[in-house]
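Take a first walk through this model. Keep the sequence beside the structure as you read.

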Amino acid sequence: MASDVESLVALEALMNEFFAPGTSNERKKEIEGVLHNFSSQRGAWKHCLNFMSHSTNQYVCMYSLTTIETLITKQWLGLMWEERAHLKATLYQFALEHHQSAPNFIRNKLVKLVVDIARLDWPHFYPDFFSNILQLIQTPDTTVLGLVFLQTASEELVCPWEDLSVSRKEELRRLLLAHIPQVFNMLTGLLENILQKQKHSVTATPPPSPTHGQPNSASPVHTGSLLSSMLGSGRSASGGLDSDSETICCLTLNALTHLFSWVPLSSYITSNLVAALFRLASVSQGISQDEHQNIGTLAMGAINEIMYKNCVPASCEDFLLNIFQHAMQLMQSVIHSGVLEHVDRSFVEKLTEFLRLFVALHLHRLEESQKFSPVRDFLSLLFKYTFHTALEQFYRCLEVWSIFLDHMHNRGTPTERYQDALILLVQEILVKMQFKHNRGPLEELDDELLDDDEQTEWQHYLRQCIEIVAKVAELAPMETYSLMYDPWKEASAVYLHLERAIEPHESTDYSRRLTVTEAHECMRLHCLLRDLSSLTQAVGRMYPHFIGQPFSTRFPHAQQLVSRLSVMATYGTRLRPYHLQVSNPVLTTDLIEVHAQVLAALKAWCHWLAQLHTEDTMKPLYDHLVSDMVNSSVPLLARRGEPSKLCHSAAHLLVTLTGTVRPPRIWELQPIRDMYHVAASLTYLLPEAQRLVQLALCNTLLQPSPGMTDQLWDLRYKLLANLIDSLTADFQRLGRLSSLPPEQHAHPVITSTLKLLGDLVKHMQSESSHTKKLLYSVIQGSVHQTLSVFPLCVQSPDVCETILDFFLIAFAGLQQQLGATFTELTVQTFLGVFTREHLAESLGQESGAGTRVVEKFLQLLQLVMAEPSASFKRFVPSTISLCLDHVYPLVADMPSPDVKPALFGVLHAVLLHKWQYFYRTSVLHTLSEPGVEGIENCERFVAILRAYGQPLLQPDINLFGQNLHTLEELNSKWKLYHKALFREELLPQFLTVLLDSLIHKSHTLLGDEIAVALYNMAAVNFMAFHDAFLPQFLRSTDGLDDGQRSILQRNFQNDTDLPSFTQNIQQLVNDLRCYQLCNASLPAGSVKL
C-alpha cells in the first residue's frame, strides 16, 4: 500500500507540474513519456482504480480514466473474467457515489466507460445494464445520472463502431429498441412533471405592474397569457424552474433528440410525448444567456429531429397531422403575442428550420389526406412569420416559400387554390424591397463589400426577393406582372421627366447641372432611383411568360413594357444624366445603376423580340426596337469616358441582340458600320467589354438571320474578312517577319489574338456548317500561322499554353473544317516538339506553366484519339509511346494533380475509341475462329491497364474515381472484364486493390462506386469469385486467424444480385476490420475469440 501511496503522490506532483503555466514544452514531453510508460504497464488499471479512490485531484482522476479507457477499448477481451467484473462494478459504483460532487466532464467520462463495457458485454455478461439505467432515471436523486447514461448509451451503442461485427451492431440496436417504449414513457412523465411545476411557478408569481415593460398596456404581451407572464416578468428561458428541474429538462430533451435520430417513426413516439415537447417549446422561448440551455430551443430541436425523417409510413399520417396542429398553435402563440422580436434567436432558427422541413418533406403527404385541409391557414401564419423576423430568418423563410412554390409547380397544384396567398406574398415582398416603403431597414444593408459570391449585402437581399417573385410569376404570371408594372411605370415616369430638372450649359455636357439640390428632394430622388433600378431588374425576369405559346394573348402587355424600356434606354444614352453635376454624389451612382439595369432588362427581353420577328405584321415595331437597342448601346461603347458598368451592360445587350435576335442586314445600320472601323481600337474599354463588342460585331456577319431567303454569304465574307483582318493585323504582321521580335513585343500580340479567335470559335461551336465554314475561311491564315510560330515559342510556357488552348478550341469546334490533312500536320508538329527531354524540362519548372503546357497537349491528343476518322489511326502507336514511355515515368511517383488526369484521359480515349487497335472485331474473324479473341499489341494493352491500376493504390481520390469510372465504361462498351487476358492476368489484382481500399478506408467517398465495380468484376464468374478468389484473398490478409477466415468466408453469401452482393461486401469489410482491430489489441498468447 505504501508503494501505491508514493505512486499517487508522485502522480499528483507530475500532473500538477504538467498543467502549471510555467512548465516548459520540453519538460511536458518528459512527463508525457513517464505517464505513457506507466499506463502501458500490465495491470496499470488496478493502480488507476486505487488512485481514483484516494485522490481528489481532477487531473489524476482524468488520467486514470483515460488509462482505463484504453484497456476497455483495446484489451478488454484479454482480461480474466474476475478482472472484468471487478472493473465494471468499481466504475459503476464510483459513478453512483460521485456523480453529484464530481465535475461533469469526469462524470461523463465514467458513464462512457461503463457504456463501453456494455457495448461489448451486454446482455450476456452484463444483464442488468439497461435495467440499472431505468432505475436511475426513476430515482429522484439519480435522475440526472440516469439521463446521462441514457444519452450516452444511445450515442455509443448505435454508432457504427469499427470493433463490432455487423451482427453485434444489429443485436445492440435490437436490444435498445426493445426498451424504447418504456424509455419514452419515463421521459414523457419527466417532462409532464416539469411542465406541471412550471405552471404552478408561473401562476404563483405576481403579475407585473401595468406600467412595467412595454408602454402599451393593451398589447397582447400584457393579456395574462402564460407566454406573456413569463416574458413580461423578466423570467429566464426556463420559465421559473429551479436549477435541478431545468437540468433534468435539458438532459431529457437532449436524450430524446438523439433517440429520435435513429428510432423509427411508429407508435413509440406517442401523442403525449409530442404534446409535452410543444408545450415546452411554447412556454420556454424567452431570451437565454446560454443558447445551449434554452429549453424552448432544445424542445424544437427534438421536434425537428422527428421531422428530418423522410421515410414515413402511411400509418403515421395521424401522427404527422398531430404534429402539424401543435405547430400551428405554437406559431399562433408566437405571432399573435407580438413578441417575436424578443424571442431567443436560437429558438427562432429552430422554428424556421421546422417550417422548412415540414414544407419540404411532409406537406405533400398531408395535402393528399382527406383529414387535412388548413394549408391556407398555414400559409397565412407563414406569411406573418416571414415578415416579422430578422434579416437572416427572413432569408430562411424565403427559402421555405421557394420550396413551397417548387412543390406547387412540380406537382401541378392548381394556382387558384392558393392564389390569394401568393398575390399577398408578392405584394409584401415588393413593399419590402422598395425604399419608398421600407427605407430604414434597406439603408442598413451594405452595398460596398462583396461576399464570396461577388455580391454586396444589398444585392443578395434584392436577389432573394426577386427570386421569390419570379417563382410566383411561374404560377400566376399576369397577376404578378400587374403588381410590379404599376410601381415600375410610376417610377420610370419620373425618370423620363428628369430632363426638366437639368440646367443646360453651352460649353460641354459635363457642365450641365441637376437642379434638384435640397437635401430632402435629393433623398426622395435617391429612393426613387433605387426603387426604379430594383423594379427594372424584376420586370426583366418576366420575359419567359410572354414568349412561346402565350406570345399572342399577352402581346399588348409585353409591347408596352418593351417599348417603355426601349424609350428609357435611348433616353439614358442620349441624355447621359450620370454626367450631370449633382449636389449629392450618390445620385450619379443611382443614375448609372438605373441605366445599366434598363439595358440588362432589354437584353433579357431580346428573347421576346426574336419571336416578334416571326410576326409579319409587326415588322415596323420590330425594326424600331432593333434600331433603339443599337442606338442605346453602340454610342456608350464608341465614346471614351463612359462608366465601365454601362459599357459592360451595353456590350452584353449587343451580343444578345446579334446572337439571339439576329436582325436581318443589321450590318447596314450606320452605328454598326462605324463600329466595324473602330473595332480594333477599343482599348479604352475593359478587356471583357472589348471582347464582347468584337464578338457581337462578328455575330452580325456570322450568324444567319431568321426569315432571310438569301443570307448573302458572299457579302458577309467580304465584310467579315475586313473585320478579322483589322482585329488580327498585328498578328499577321508578325508572320511576315523573317524572325519573331523580342518576347515583350511578340508574345502579347500572339496571346491577345489567339484569345479573341478562340472565343469566336467557341461561341460558334454549336452553329450551322455555313457559319463554321465562313468563320474558318477568314481565320484560316491565322490558324496556319499559329502552327508555324509554335516551335519558335516552345521556350515560353505561357505562350505555348495559349497556342495549345487555341488548338483545343479549334479541334473541338472546327474539326470538319480543319480537315484531316491539317490535323495530321498539327499533331505531327506537336509530337516533334514534345520530346522526352522537353517534357522533363516542362514538368520540372517550378512556376507550373510547363506542367500546364503538357496538360493542354495531352488534352489535345485526347480529342484526336476520340476522332472516328481512320486517318488518325496511325497516331495511335506514337500517342501510346508518348504516354507510357515518356510522360508516365515522369509523373508516376509525383503528385502532378493536373497532368495525371490528362494523361489517363488520353489512354482512356485510346481504349474507348481505338479498341480495334487491340481487338479486331470483324465478322470474318469471328466466323473463322469462334471463341478465339484475336488480340494485337498485347504488351501495350496490359501496360495501359497496369498504369490504370497504379492510381488505385494512391491517395488521390479524384484520380482514383476517374480511373475507376474509365474501367467501368470500358467494361460497359467493350466487355473489358470478360476478356480472357484481363480475367487471367489482371482481374484478381484489381479485385484485391478495390477490396483493400474499402478495408483501409482510403477512398471512403467512393464506397458505392467501388462496390459496383467489384460486383461487375465478380459477375464475370460469381462461383470463381466466391470459391477461389475470396479464400485466397482472406489467406493473404494479415491480422486474421484461420477460424476468423472461415467465419468470414461462410458469412459471405453467394448472392448474384447487386443489392445483396453489395451488402455482403459491406459485411465482409466491416467484420474483417473488426477482427483485425480486436486481434491487434490482444496481448501476446491470448486466446482469440
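Asn1021 counts as partly exposed, because its relative accessibility is 42%. The residue sits in the loop between helix 44 (1007-1018) and helix 45 (1022-1035). Now look from Asn1021 to Leu903. The two are 118 residues apart along the chain, and their C-alpha atoms are separated by 32 Å. Keep in mind that this is a predicted model.

Step back to the whole chain. The protein chain has 1089 residues, and 52% of them count as buried. It holds 47 helices and two strands. Along its principal axes, the C-alpha trace spans about 105 × 95 × 65 Å.

One stretch carries a label from a record. UniProt, in an unreviewed entry, lists residues 32-93 as "domain: Importin N-terminal". In the model, residues 32-93 are 81% helix and 0% strand.

Next come the charged pairs. Side chains of opposite charge can pair when their charged atoms come close. How many salt bridges does the structure hold? The count is 36. Three of them are worth a visit.

Start with Lys109 and Glu69. Their side chains meet in a salt bridge, with 2.7 Å from N to O. Lys109 belongs to helix 6 (residues 104-121) and Glu69 to helix 4 (residues 58-75), so this pair ties together parts that are 40 residues apart in sequence. Are these two residues buried or exposed? Both Lys109 and Glu69 are buried.

Move on to Glu353 and Arg396. These two also form a salt bridge, and their closest N and O atoms are 3.0 Å apart. Glu353 lies in helix 15 (residues 345-367), while Arg396 lies in helix 17 (residues 391-411), so the bridge ties together parts that are 43 residues apart in sequence. Glu353 counts as buried because its relative accessibility is 11%. The cut-off for buried is under 20%. Arg396 has a relative accessible area of 23%, so it is partly exposed.

Arg946 is in helix 40 (residues 938-949) and Glu985 is in helix 42 (residues 980-985), so the pair ties together parts that are 39 residues apart in sequence. Arg946 is partly exposed, with a relative accessible area of 39%. Glu985 also counts as partly exposed, at 36% relative accessibility.

Salt bridges can also share partners. Glu69, Lys109, Lys112, Asp116 and Arg119 are joined in this way into one network. Lys109 and Glu69, the buried pair, are among its members.

Charge also gathers on the surface. Which residues make up a patch of negative charge there? They are Asp451, Asp452, Asp453 and Glu454. Take Asp453 as one of them. Asp453 is found in the loop between helix 19 (435-443) and helix 20 (457-475). Its relative accessibility is 58%, so Asp453 counts as exposed. The cut-off for exposed is over 50%.

Trp122 and Pro123 are joined by a cis peptide bond, with omega about 0 degrees. Pro123 is found in the loop between helix 6 and helix 7 (129-138). Helix 6 is also where Lys109 lies.

Arg576 is the next stop. Its phi is near 50 degrees, a positive value in a residue other than glycine. Arg576 is found in the loop between helix 23 (555-575) and helix 24 (586-612). Buried or exposed? Arg576 is buried, because its relative accessible area is 10%.

Lys975 has a positive phi too, at about 55 degrees, although it is not a glycine. Lys975 sits in the loop between helix 41 (957-974) and helix 42. With a relative accessible area of 49%, Lys975 is partly exposed.

Definitions and conventions. Residues numbered from 1 in each chain as written. Predicted model: local features only at pLDDT ≥ 70, side-chain atom pairs only at ≥ 80, totals over all residues. Heavy atoms only, no water. Patch = residues over 30% accessible without salt bridge, like charges linked within 9 Å, V, L, I, M, F, W, Y side chains within 5 Å. Areas by Shrake-Rupley, 256 points an atom, 1.4 Å probe, with all protein chains shown as cover. Salt bridge = Lys/Arg side-chain N within 4 Å of Asp/Glu carboxyl O. Lys, Arg positive; Asp, Glu negative; His and termini not counted. Charge placed at Lys NZ, Arg CZ, Asp CG, Glu CD. Helix = DSSP H or I, 4+ residues; strand = E, 2+ residues; numbered from the N terminus. Buried < 20%, exposed > 50% of the residue type's maximum accessible area, 1.4 Å probe, protein only. UniProt positions renumbered as here; feature names shortened; annotations may be inferred.
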